[in-house]
Amino acid sequence: MADMTTPLKRVRGLGSARSGTDHFWQQRLTALANVPLIIFFVILVISLAGESYEVVHDRLASPWVAIFLILTIISITHHMRLGMQIVIEDYVHGEPQRILLLVANIFFALIVASASIFAVLKISFGG
Amino acid sequence: MSQVDAKANRPLSPHLTIYRPIITMVMSIVHRITGCALFFGTLLVMWWLVAAASGPDAFATANGFFGSWIGIIILFGYTWALMHHMLGGLRHFVWDSIHGFDEKPREMLAWATLIGSVSLTILLWIVGLIVI
Ligand code: HEM
């Protein structure tokens, strides 16, 4: 019998990974957010290059800088975790190695994110 | 669609080592390499922020590293990787809008990514050095 499902319907059926286009969508969403955030970050770093501890500390403590820094951290760590997952799935074929690396990838992203966000909050709240 | 004999008609791509490198393919690989370099580069961002949160001594250590010649080389490479990956990402957005797949636009976009990333990196460092 002919297959009556449309390609769209099949995608909404979520495919073999049961996550459909979600990974792709999140990769693009974070990529889009990354563009202005990275431009902000690069300008911030350049404006602080060679500055003293006090100047850097004060700048990082100002609310809008801290807020955008935290958004940057969230966006890039989520984005890089999704990206690295694909790289691992592409090249690592042994089941145990792959699972180990996929777990390490998630831990790495979460550790970098938490440590960086904590640092910004500590500076902001007067540490 | 599900009736297609997936195994027999599956297209096979030639192996990397017998494929003459072309600009679009190289830029595609470079997008992946820069993405992975940036992945590990976040450790430096984390170090910088945690050092600034830890106090003047830790901050001086981090700043000392970033100001050393090896630190400067790494940061210069970091800047380029970031700019290249960002422009490469914008290139993906063009493709996502179903544009830029023909031979001419494809090659144009690949060169634009490369030339753009090198120019932006040099520009940013000139600005950065003036600021210092
Ligand atoms: C600056 C703005 C950025 C944009 C516009 C961007 C865009 C993209 C896009 C569209 C992809 C998917 C490529 C594909 O589907 O084949 C991607 C992959 C990736 N990105 Fe980014 N990205 C940005 C920043 C970053 C940053 C800061 C990091 C790391 C901290 C990063 C790490 C990665 C990794 C690891 C991949 C996977 C590479 C691959 O699959 O080939 N990206 N990026």
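Modeller: Let's start with B:His31, which is in contact (heavy atoms within 4.5 Å) with B:His85, B:Gly88, B:Gly89 and B:His92, leaving aside its neighbours within four places in sequence. Before going on, note that this is a predicted model: local features need pLDDT of at least 70, side-chain atom pairs count only at pLDDT 80 or more, and totals for chains, interfaces and linings use all residues. As for bookkeeping, residues are numbered from 1 along each chain as its sequence is written, chains are lettered from A and ligands numbered from 1 in the order in which they are written, and side-chain values use heavy atoms, with hydrogens and water left out.

Back to B:His31, which sits in helix α1 of chain B; helices (H or I, at least four residues) and strands (E, at least two) are DSSP runs, numbered from the N terminus. Its relative accessibility is 15%, so B:His31 counts as buried (buried means under 20% relative accessible area, exposed over 50%, and partly exposed in between, with a 1.4 Å probe and protein chains only).

One of the contacts of B:His31 is B:His85, and B:His85 takes us to the ligand: a polar side-chain atom of B:His85 is 2.7 Å from a ligand nitrogen atom. On the chain A side, A:His79 has a polar side-chain atom 2.8 Å from a nitrogen atom of the ligand. In total 24 residues surround the ligand, where a residue is near a molecule or strand if one of its heavy atoms lies within 4 Å of it. They come from chains A and B, so the site is shared between chains.

What about the contact between the two chains? Chain B brings 33 residues to it and chain A brings 45. About 3100 Å² is buried between them, with carbon and sulfur atoms giving 77%; buried area is the accessible area (1.4 Å probe) that two parts lose on being put together, summed over both. B:Arg32, B:Phe39 and B:Leu49 supply 21% of what chain B buries against chain A, more than any other three residues.

There are two salt bridges between chain B and chain A (a side-chain nitrogen of Lys or Arg within 4 Å of a carboxyl oxygen of Asp or Glu). One of these salt bridges joins the side chains of B:Asp96 and A:Arg28, at 2.6 Å from N to O. Helices α1 (23-54), α2 (56-67), α3 (69-96) and α4 (103-131) of chain B each supply at least two residues of the side that touches chain A. The largest share, 13 residues, comes from α1(B).

To finish, look at the loop between α3 and α4 of chain B, where B:Ile98 sits. With 71% relative accessibility, B:Ile98 counts as exposed. Phi of B:Ile98 is near 60 degrees, a positive value in a residue other than glycine. For background, most residues other than glycine have a negative phi.

Methods:
Polar contact = N/O pair within 3.5 Å; in protein donor to acceptor, adjacent residues only side chain to side chain.
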